[in-house]
Amino acid sequence: MARESSGGGGRGRSGASRRQKESKAGVFFMATLVMWSVSIFFEILFNKRSELLPIIIGFVFFQSANVAVQNFVSRDPLFVNTCVSLLHSSITSASVLLILLNQSMEIGVDKMFEHSQLVEVTWPWAYQALCFSCGYFAYDQLDMLLYRLYSGWIPSILVHHLVLLVCFTLALYRKVTINYLILTLICELHSIFLHVRKVRRMGGVRDAGSKIVKAEWVLNWLTFVFARSVSHILITVKLLKDAPKFQKGVELPLALSGMVGMNVLNIFLGIDLIKAYRRESRSQKDHNDNHQE
């Protein structure tokens with residue numbers, strides 16, 4: 001009995017310590033979000049940077065979508081957050097594909113990926129699309145912080161959003177490498193199927209043997225490989241190849257460090273996907289075995 005009591009106390013202290021660390025992490029990331037917000041409003045109001053207004057529009061749009069899902073679909077914070085994330089992935093994927101298609105028709109695929117095009121030129125609607133996504137990441141960061149939709153004392157999702165907000169905002173302020181960042185958003189094609197899987201499971205559809213779920217996994221893997229992994233690796237290779245062409249400054253180090261971070265996150269995401277796929281397949285196999293018995 002004494003050992004059980006001591007163990008329970010240890011677990012209780014461990015749990016309390018973990019919650020305390022998560023709370024400190026929440027305070028840190030909320031503070032960074034507030035500082036980012038002050039910076040954005042300062043640029044718009046005092047430096048007359050009206051081109052940054054789509055950031056505010058994006059934030060308001062996705063917050064409004066959040067309220068709509070809460071009122072008409074579900075009040076579960078995780079379900080609401082996932083639905084809004086799915087909306088963002090769908091809009092962003094479509095906008096990026098349209099931007100790329102339009103530019104390929106305008107100047108051709110060969111010229112599109114020249115260094116000067118990717119760094120110094122901004123494709124039509126690329127700036128606005130990046131601003132809009134920036135507004136989403138600010139909304140999502142706030143939503144996760146308010147509803148504690150994260151875990152760990154260094155939550156990877158909050159770190160990911162903070163890195164994106166810093167990289168995107170610096171590029172938007174300086175109006176450089178906008179097209180590089182648009183290319184990185186191709187990964188949102190894969191995010192669509194990540195969010196679809198999450199919504200599907202929360203909706204109770206877990207039959208791994210069904211045709212819909214199998215098709216979802218096929219699309220999940222295809223987009224993970226081509227829209228996320230391969231595209232980010234190619235962007236990193238392009239940055240390294242064109243490194244001598246960059247002027248001295250923060251652009252190249254910031255871009256390279258951001259892409260290295262994304263590639264590392266992709267590795268962990270791939271591992272998580274493999275585990276999830278095996279888990280669902282094993283669950284389906286156990287279900288079939290029990291049914292046969």
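This report describes the pockets and the salt bridges of a predicted model.

## The largest pocket

The largest pocket has a volume of about 1400 Å³. Its lining comprises 44 residues, and those closest to the centre are S156, I157, L194, K198 and L269.

Several helices contribute to this lining: α3 (77-107), α6 (126-146), α7 (156-174), α9 (188-202), α10 (211-241) and α11 (251-292) each provide at least two residues. The largest share, 10 residues, belongs to α11. Sorted by class, the lining of the largest pocket consists of 20 nonpolar, 14 polar and 10 charged residues.

## The second largest pocket

Of its 27 lining residues, C167, L254, A255, G258 and M259 lie nearest the centre. Two or more lining residues come from each of α7, α8 (178-184), α10 and α11.

Helix α7 gives the most to the lining of the second largest pocket, namely 10 residues. By class, this lining holds 18 nonpolar, 7 polar and 2 charged residues.

The structure contains 10 salt bridges. One of them joins E51 and K175, whose closest N and O atoms are 3.6 Å apart. E51 is located in the loop between α1 (2-45) and α2 (53-72), and K175 in the loop between α7 and α8, so this pair ties together parts that are 124 residues apart in sequence.

Both partners fall in the partly exposed class: E51 has a relative accessibility of 24%, and K175 has a relative accessible area of 43%.

## Salt bridges between helices

E216 and R200 form a salt bridge through their side chains, with an N to O distance of 2.8 Å. Because E216 lies in helix α10 and R200 in helix α9, the pair ties together parts that are 16 residues apart in sequence. E216 counts as buried at 6% relative accessibility, and R200 is likewise buried, with a relative accessible area of 9%.

A further salt bridge connects the side chains of E280 and R201 at 3.0 Å, N to O. This pair links distant parts of the chain, with E280 in helix α11 and R201 in helix α9, 79 residues apart. E280 is buried, its relative accessible area being 5%, whereas R201 is partly exposed at 22%.

Definitions and conventions
Residues are numbered from 1 along each chain as its sequence is written. This is a predicted model: local features need pLDDT of at least 70, side-chain atom pairs count only at pLDDT 80 or more; totals for chains, interfaces and linings use all residues. Side-chain values use heavy atoms; hydrogens and water are left out. On a 1 Å grid over the protein atoms alone, a cavity is a set of points where a 1.4 Å probe fits but cannot get out, and a pocket is an open set with protein on both sides within 12 Å along at least five of seven lines; lining residues have an atom within 4 Å of a point. Grid points are joined across faces, edges and corners, and a volume is the space filled by probe spheres set on the points. Helices (H or I, at least four residues) and strands (E, at least two) are DSSP runs, numbered from the N terminus. Ala, Val, Leu, Ile, Met, Phe, Trp, Tyr, Cys and Pro count as nonpolar, Asp, Glu, Lys and Arg as charged, and the others, Gly among them, as polar. A salt bridge is a side-chain nitrogen of Lys or Arg within 4 Å of a carboxyl oxygen of Asp or Glu. Buried means under 20% relative accessible area, exposed over 50%, partly exposed in between (1.4 Å probe, protein chains only).
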